Amino acid sequence: MYSQQQYGVQPFPHQQAPYFHQQPPYYQQPPPPPPPVAVYQPDPVSFRRDYTNHLAELKVNSRPIIQNLSMIAQEFSRFADIVAQCIESHIRRVPQWMKLPAFYLLDAISKNVYEPYARHFSAFVVPLFLETYGQVDEQTRSKMEEMLLTWRTGSPTSTFLFGPGSQNAIERGVWGDGASASNSNLISTAQVLTELEFTLSQKERAFQTNPYDTTSQNHIIVLHQLRKLVEAGVSQDELQQILTQLRSLARAAATTVVQPPVPVTTPVPATPASWSAPAQPSYPVQPSFPPSASPMYPTYDTVKAEPPTTVLPSVAPSASGSSIDLVGLLSTLKKRGYVPENGTPLGAGTSSLEDVSKPESPPDLERESSRSYRDAILLHDVRLTTMDITRNRPGIVEFLYDRLAAQCKQCGIRFPDTTFGKKHMEGHLDMHFQQNRKANQNVGRGHSRSWFVGLEDWVHDLAVDVKGKGREGARPLNAKAAAAAANAQRDADLRAQYVVVPRGEEAKPVACPICKEPFKSEFLEDDEEWVWRNAVLKDERVYHATCHAEAAQSGLALRLRSDLAASLRSHSSTPEIRPVGSGAVAAPQVLTGLKSSDASLRASLSPSPESKLTGTKRKVEDTDRTVSDEAEGTPRAKKLALAQADQSPQ
Amino acid sequence: MEGESKEWTLDPETEYRFELDPGESLAVKLIHGHAEVFGAELAANHPYLFGQECKAAVFTWRGCTIEMSHPSTEYVSEETPMAAYANLHIAFEQMRVRALRDLRGSPVPEYERDKPTDPPRVLVLGPENSGKTTVCKILINYAVRAGQGWSPLLINADPAEGGWAAPGAISVAPVHSPLATCSPGSPLGTAATSAPTALSSNALLPLAYWYGHSETKRNPLLLERIVRNIGENINDKYQVDLQGRTAGLIVDTPASFASGHRSNDDRQRLIRACVDAFKINTILVVGHEKLNVELNRNYGSHLTVVKIPKSGGVVELDHLYRERVHNYQLHTYFYGQRVPPPAGISSASLGGETLSDIILSPSSTIINFGDLSIFRIGAESMAPSSALPIGAARVVSETQAVPVDPAASGSGLLNAVLAVLAQPANTDEAERYDEEILDLPIMGFIVVTNIDIPLRKMTILAPNQGSFVGRTAVIGSFEWQE
């Protein structure tokens with residue numbers, strides 16, 4: 001039997017498989033699981049019969065079915081002609097609402113199993129596409145147009161998937177004569193818009209994969225502006241220019257960019273790295289890096305606030321070597337008065353950034369699992385009445401045990417025995433592992449009750465997603481949560497920095513000049529070196545990377561450096577420094593605009609090593625602070641240092 | 001385990017009930033089969049510890065064998081209301097999946113078209129000792145066990161109960177994993193600590209407000225205001241988290257909502273406040289015919305009122321027991337949980353956590369009188385409005401914040417439990433208002449352990465280290481001494 005799992009391990013290497021990771025509409029109707037397939041069909045006649053039967057299952061757009069069908073096609077590429085015939089006749093025969101999924105199959109096969117299928121398909125793809133295009137509704141058309149655009153760079157060498165001739169013919173059929181770049185008389189606004197949308201989505205995906213990709217980010221902003229322009233109406237000439245630029249951009253993207261966020265066969269969701277849980281996953285109550293504490297990085301808000309008219313020219317030169325002069329084009333257009341200098345851009349930039357801050361659509365498998373659960377639970381006929389609930393129907397047992405066959409041996413929590421469930425269970429076990437490790441590190445160290453979370457944090461559920469609940473990124477996040485996630489990512493990056501401990505100084509205690517916390521050295525297996533984690537070397541001094549990043553922003557480092565001699569105090573006797581769980585994720589603007597009241601709040605939130613309050617003592621002795629503290633993350637004292645610096649009269 | 005322990009084999013759908021005396025502890029180990037304690041499944045071959053006068057039951061749907069040390073009262077019951085609770089769960093799951101389907105815009109089959117798409121928002125009412133909290137816990141636990149990623153909100157509107165916070169608080173928390181039962185000191189899981197926890201239900205993030213008294217009649221106006229505030233906060237959360245909304249919510253209420261001998265109006269008003277604030281669509285009445293009829297009359301037209309059976313296992317609890325539970329809860333809040341395992345048990349888990357991980361170290365701090373502003377809401381002892389002479393108005397209204405001077409003798413501060421308020425989100429002075437103090441959630445509790453009037457200093461016990469300078473705290477009527 002072919003099963004999902006059997007195929008699950010095979011890579012689907014191609015970068016352009018839009019329906020797998022692009023937009024939710026493709027997958028709105030998760031289908032029943034793929035049908036079983038007989039394992040061995042040597043005979044062309046029976047192969048044709050079976051493949052036709054499987055094709056008949058492809059009624060809705062379903063990844064498993066498409067995947068299954070293209071796997072079979074790959075396996076039996078010696079029957080490529082039969083597969084091609086089956087698909088062609090299938091598309092011609094089925095009602096128009098079933099045609100698009102079949103086209104996606106054709107698309108998947110030709111991109112993923114290029115040889116020999118693209119060749120076979122190119123024989124009939126032009127008339128088939130155009131014929132279908134003529135029959136389907138508006139929405140399907142635009143989906144087909146999107147697909148068509150991916151064909152331009154769909155071959156393994158990023159050239160035309162079905163050859164330039166076919167591509168040209170289809171595009172001419174779809175958009176009229178002006179369609180092909182070589183032969184331009186009339187270009188419709190609609191075509192440009194479609195291509196624009198396509199390029200935009202490509203860029204946004206790239207940006208999601210790599211949030212530091214300022215090039216993509218700028219492109220996105222520019223593309224949004226261009227879209228407004230085109231919607232407002234521009235001349236043929238400019239349409240042509242825009243189109244040319246777009247195509248070179250798309251081509252550059254296809255060649256240089258970008259593993260899609262998730263390999264196609266990965267069962268669980270396209271969650272770009274920046275959306276995963278913050279770097280220190282098992283400490284839910286103390287998200288150790290409040291967004292407010294890193295003013296060094298522009299938050300989304302600050303980016304938004306700057307009108308792109310000022311941003312773009314300065315950043316454009318740094319745009320990648322693909323030499324795409326979109327910005328120039330835009331400014332030319334502006335000069336001609338198509339765009340008011342300070343009109344649309346602000347809004348355009350904003351909307352683009354909000355778009356990209358949305359996580360990817362929830363994964364198929366999750367949908368499928370919840371759909372099958374829904375069907376099962378709705379089978380039960382229970383009404384909410386006093387009479388009805390006391391009639392004995394122990395239907396619950398199925399849901400408590402049978403559907404959840406895998407159980408965590410440590411805590412008894414159960415998971416479904418499916419790919420989806422296993423993935424979740426892995427995450428769950430990982431959480432236990434982390435927790436146990438943390439517990440071992442913390443032996444002998446006091447714990448304490450955290451403050452409750454503040455209202456804002458509670459409403460936005462910021463601190464939660466780290467407990468192995470297995471819902472990574474599946475829920476809508478708002479811009480603020482997105483900013484927090486981005487900050488956490490940056491924080492993680494900072495923490496990953498290290499400085500190699502100089503030979504012979506391994507035993508010498510070295511403390512960060514900003515927070516005065518000693519560095520903890522650890523052995524880096526890969527490099528076979530002792531290193532200090534979360535450390536940077538500046539002016540022959542080692543700082544915590546996180547401290548330095550903050551201080552560099554506030555200018556504190558300068559002051560501290562001069563104060564250094566005076567302020568070197570021993571901290572060996574200070575009470576343990578604990579973060580305040582609740583306040584830790586705060587609004588991003590707090591630190592930048594510290595008023596004195598804020599500062600005192602801060603000071604009061606971060607327990608003071610200088611002991612602002614006399615008489616603080618711990619009820620239980622801390623035996624081993626130095627070992628475990630830095631492993632926890634950011635030294636807490638730095639917040640205080642910042643707060644005090646802000647408070648103290650200069 | 002040697003000597004003392006014994007094994008029980010339970011038939012399907014029966015439960016083993018036990019009641020512990022003060023200072024006694026019990027370890028239960030599942031040998032084989034499936035077993036659960038109030039909806040939280042036990043893992044096999046792990047001793048689970050119970051203590052602090054815990055009264056609980058190990059239920060099995062399919063039969064099991066368990067092994068335990070010997071508690072004082074124990075018996076097996078074959079009559080449980082679990083089948084009814086299970087049916088309730090299925091009905092609520094149907095509401096949840098429909099809500100999720102609606103949210104995702106998935107296609108709806110013909111026969112489902114007329115079904116409501118509202119997730120379950122459930123108010124649980126019942127008289128004293130009817131097992132309301134247990135019903136809430138079971139329903140929540142089944143929901144999080146469904147494997148659907150539900151994180152329903154559990155609202156504790158019973159000020160005597162404490163929930164994750166301390167008695168006197170009204171709070172709400174999203175629950176992601178089953179709530180363990182191990183001690184009445186943490187009836188609904190525990191709030192987050194700095195310790196790593198195995199279960200997220202032992203690191204809950206509640207949003208809590210301070211009511212300050214165990215009885216609802218003490219200040220119904222304040223209680224109503226808190227309920228409405230929480231309702232608004234939940235609405236805000238639902239705006240952000242559309243999918244979270246589909247898991248619904250469950251509200252545990254005080255017994256006084258079900259039967260108040262003299263404050264009938266207040267009772268009705270508080271039920272109404274809950275129904276409005278939490279947009280309740282289902283009311284469960286635990287084993288109380290008269291209340292069921294009354295609620296059906298008042299609400300039956302636009303929401304579902306269901307009477308559900310009460311478990312025969314509920315224990316009549318007296319006033320003294322409840323006092324002791326308050327102490328357990330406050331102790332748990334500051335010090336975590338210490339339950340000495342019974343003889344012969346070396347390693348066991350308490351509420352799913354390793355023992356060493358749930359011992360907490362609070363911090364004792366001396367502060368100046370001026371560091372902390374302390375208020376009391378309303379007058380210290382207040383007759384109900386109806387008892388005042390006609391035409392007379394109160395000197396201090398129920399919702400007025402009255403400053404408390406620690407230097408004054410009889411301030412009532414010594415050993416008092418104070419709630420430290422969260423800082424207002426808006427520090428803009430223009431946005432402040434007189435009654436703001438009533439609308440602020442709390443960040444935690446402190447206890448005044450010593451007052452030095454000549455030096456104008458007091459010693460406070462706080463859950464963790466931190467300064468209280470510039471903070472505001474509110475006193476209630478709870479006291480606690482170690």
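**View 1. Helix α15 and strand β2 of chain A mark the two ends of the confidence range in that chain.** In chain A of this predicted model, the confidence is lowest in helix α15 (residues 308-315), with a mean of 35, and highest in strand β2 (residues 414-415), at 88. The score is pLDDT, the predictor's confidence in each residue on a scale from 0 to 100, and helices (H or I, at least four residues) and strands (E, at least two) are DSSP runs numbered from the N terminus. Over residues 1-39 of chain A the pLDDT is below 50, and this stretch has 81 contacts in the model beyond near neighbours in sequence, two residues being in contact if their C-beta atoms, placed from the backbone, lie within 7 Å. Residues 255-324 of chain A also stay under 50, and for them the model has 185 contacts beyond four places in sequence. For chain A the mean pLDDT is 63, with 50% of its residues reaching 70 or more. Where pLDDT is low, the predicted coordinates should not be read in detail.

Residues are numbered from 1 along each chain as its sequence is written, while chains are lettered from A and ligands numbered from 1 in the order in which they are written. Because the model is predicted, local features need pLDDT of at least 70 and side-chain atom pairs count only at pLDDT 80 or more, whereas totals for chains, interfaces and linings use all residues.

**View 2. The largest nonpolar core includes B:I442 among its most connected members.** A nonpolar core is a set of buried Ala, Val, Leu, Ile, Met, Phe, Trp, Tyr and Cys residues joined through C-beta atoms within 7 Å; a residue is buried if 20 or more other C-beta atoms, placed from the backbone, lie within 10 Å of its own, exposed if 12 or fewer, and partly exposed in between. This core has 164 residues, of which B:V124, B:L139, B:L154, B:V251, B:C274, B:L418 and B:I442 touch the most other members. Its largest share, twelve residues, comes from helix α1 (residues 82-104) of chain B. Leaving out residues up to four places away in sequence, B:I442 touches several residues of chain B, including B:W210 and B:L421, and also A:F452. Apart from this core lies another, of 41 residues, among them A:F103, A:F121, A:V125 and A:L161.

**View 3. B:G131 and B:T133 lie within a UniProt "binding site" annotation.** The annotation, from an unreviewed entry, covers B:E15, B:K55, B:N129, B:S130, B:G131, B:K132, B:T133 and B:T134; UniProt positions are given in the numbering used here, feature names are shortened, and annotations may be inferred rather than shown by experiment. B:G131 is found in the loop between β10 (121-125) and α2 (132-145) of chain B, and it counts as buried because 23 other C-beta atoms lie within 10 Å. Beyond its neighbours within four places in sequence, B:G131 is in contact with B:V286, B:K310, B:S311 and B:V314. B:T133, in helix α2 of chain B, is buried with 21 C-beta neighbours inside 10 Å, and B:T133 touches B:E161, B:P187 and B:D252, not counting residues up to four places away in sequence.

**View 4. Strands β6 and β7 of chain A form an antiparallel hairpin.** Strand β6 (residues 535-538) and strand β7 (residues 541-544) of chain A pair over four bridges, where pairing requires that DSSP finds at least two bridges between two strands. A:A535 has A:H544 in β7(A) as its bridge partner. Two residues lie between the strands of this hairpin, and A:D539 takes a positive phi near 50°.
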